[in-house]
Amino acid sequence: MDYLFTEEQKMIKDLARKISEEKVKPVRAELDETGTFPWELMKEFGKADLCGLYIPEKFGGFGGGCLEFCLATEEVSRICGGVGVTFAASALGAFPILMFGTEEQKMKYLPDIASGKKLAAFGLTEANAGSDAGGIQTTAKKDGDYFILNGTKQWITNGGEAETYTVIAMTDKSKGTRGATAFILEKGMKGFDFGKKENKMGIRCSATRELVFQDCKVHKSQILGKEGMGFIVAMKTLDRTRPGIGAQAVGIAQGALDEALAYSKTRIQFGKPISSFQGVQHMFADMATQVEAARALVYATARTVDTGTADISRDSAMCKLFASDVAMKVTTDAVQILAGYGYMKEYPVEKMMRDAKITQIYEGTNQIQRNVIALGLIKELAAKK
Amino acid sequence: MNIIVCIKQVPDTTNVKIDPKTNTLIREGVKSIVNPFDENAIEEAIRLKEAHGGKVTVITMGPAQATEALKSAIAMGADEGILISDRAFAGADTWATSYTLSQAIKKIGTFDLVLFGKQAIDGDTAQVGPGVAEFLDIPQVTFAIKIDIDGNKIKVKRQLEESAEIVETTLPAAVTVIKQINEPRLPSLKGQMRAKKAEIQMWTAEAILADAENIGLKGSPTQVVRIFTPPPRGNSEMLEGDIDEISVKLFNKLKEQKII
Ligand SMILES: Cc1cc2nc3c(=O)[nH]c(=O)nc-3n(C[C@H](O)[C@H](O)[C@H](O)COP(=O)(O)OP(=O)(O)OC[C@H]3O[C@@H](n4cnc5c(N)ncnc54)[C@H](O)[C@@H]3O)c2cc1C
């Protein structure tokens, strides 16, 4: 399908594919097995100028947008979902700075993220606040020109490895969601430590870790946006990064489809390659159609984000929901096509199936995405009346 | 540090086929790439530039499509590319090629270091690097696995068959590099954008003040009479064991055959 990419966008896709094929593919099984964080690969992406695709040139980036970021994320995830999310989560941490940071904050943090020298992360979730992000209990108490942070964030992607963290904490609990504030924190600040590193089902090379704050003193200049805007920062960020998860899901699904297709031509049963059986062919037809539909929705959403439109919640929820459900279905079918071999670690599809699952969970579970979509529909109807 | 890297565009395969009638390479349907050893030379040049500052100029003698090779060097991080191209260069052997490249380098003028891959994977002669050094009358060091530069001194570790030696000389110098010297980087996005926009200069025989007697087929003292794939040798046998055992086996074999 022709998605009418510019010359530059094609270049990004080709380069991300080349690096993924040459550098990621040979190590993905080992990274998965050992749960090793892919620092060397992140450096490769940095050197190739892929870390700052969505960051303006003024801040050392490439000057593209959400679509450029999605193209690279998809290609990396096609080879490894774990490396893909490590790459993408840095954008999740950087987007709030890009959208809400002052000129000074952008100058201070974005160039190192764009060059790949430093990674970023985003900390919202807590043990008792998952889907219900409004329930966060980490506090930031005002003390003159400073705020004192206390609390623990959980399951933070790139936790411990990143240098730059966007963290949401309650500055005024009495105000509910209007009492949350976003801060930029740096690794190494006094009172900011890392807790348990999780042992996961999939995306195993990515780091998922606790951020622990114990009387961590932060100057008010580290606030993103204004005091009390924390949830707006978080929600607007997630609205714009969800297509990235959609792209990750499309990549994982495409990778599984590619593997299954190649295998089906070599596996002989009943004297014929299994690709000659209609029961298998129809599975491929469905898989390919679903992947292409998901891809089209992700690209269309990314392009909509890049127009700068304010209200993108519903669209971005739809693309993440659809693409991640497709990824789960297609990877499961890929394992089905490889059957016993697919269930074994010698082949990459079981890993792809494990990696796909997370895309239905993080950056808002798919039930939450459905809530957002439905709410959007109802609001729209009400507005017409 | 002004560094000049001489590169060659070659067919993307070590299994090149030869047309038995014309004795030339069959190039149809074979993708062209930068000679792999030359990629190491480009990488080394960029690293030296990163460490010492300066400029990296890449040159190649070849047809118009060799521009692609220069562009991929620019995508890796070279500053400039010059294509040396003229019908009169056709059929050049290593001597005429070395002469032609050295004339181009003289036209560039100031330089501190000229880098080459140890050899091109199509011809495998390893003669052009040393040839250019002779024409330029500068010191040459071949088969480098490490290059250190300190002021106007260059220290090169050369890989020999069973050992290595360290050679020190003065700049300007010519050095040929082997694969083990580094791992060539992949092109970056910004590099590719720069390469796309880069204007490649083209220099003809006239531009480099080349003597017509010294270039192309006419200027080539060697003539290719015939290129062929040698027939596989007959029966051969590998002797196994440690040196003593092999010596004894060999001795017995030679005796059996009444050679000794
Ligand atoms: C590997 C990994 C990486 C992560 N990375 C980050 C990160 O970098 N930063 C960050 O802040 N967070 C991160 N998270 C957290 C992630 O976003 C949350 O896990 C997610 O939002 C869901 O929260 P929960 O797991 O607590 O599920 P819960 O909220 O406990 O949900 C449990 C179940 O109830 C359903 N449910 C809950 N509420 C509703 C409702 N109102 N209507 C219908 N169904 C509902 C859910 O869909 C789900 O099926 C990560 C999580 C994982 C596993």
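A cavity is, on a 1 Å grid over the protein atoms alone, a set of points where a 1.4 Å probe fits but cannot get out, and its lining residues have an atom within 4 Å of a point. The structure is a predicted model, in which local features need pLDDT of at least 70, side-chain atom pairs count only at pLDDT 80 or more, and totals for chains, interfaces and linings use all residues. Residues are numbered from 1 along each chain as its sequence is written, and chains are lettered from A in the order in which they are written.

**Cavity**

The count comes to one cavity of 30 Å³ or more. The largest cavity has a volume of about 60 Å³, taken as the space filled by probe spheres set on the points, with grid points joined across faces, edges and corners. Its lining consists of A:L50, A:C51, A:Y54, A:F69, A:T86, A:F87, A:S90, A:A91, A:I113 and A:L119. Helix α5(A) gives the most to this lining, with four residues; helices (H or I, at least four residues) and strands (E, at least two) are DSSP runs, numbered from the N terminus.

**Helix pair**

The axes of α4 (residues 66-79) and α5 (residues 81-100) of chain A come within 6 Å and cross at roughly 155°. Axes are lines fitted to C-alpha atoms, for helices over the stretch in contact, and angles run from 0 to 180 degrees between N-to-C directions. α4(A) and α5(A) are therefore roughly antiparallel to each other (angles over 145 degrees). In the contact (heavy atoms within 4.5 Å), α4(A) supplies A:F69, A:A72, A:T73, A:V76, A:S77 and A:I79, and α5(A) supplies A:G81, A:V83, A:G84, A:F87, A:A88 and A:A91.

**Interface**

Chain B places 10 residues in contact with 17 residues of chain A.

**Backbone**

B:L171 and B:P172 are joined by a cis peptide bond, with omega about -5°. B:P172 lies in the loop between β9 (164-170) and β10 (173-177) of chain B.

Terms used:
Heavy atoms only, no water. Parallel < 35°, antiparallel > 145°, perpendicular 65-115°, else oblique. 1 Å grid on protein atoms, 1.4 Å probe; cavity = no way out; pocket = protein on both sides within 12 Å on 5 of 7 lines; lining within 4 Å.
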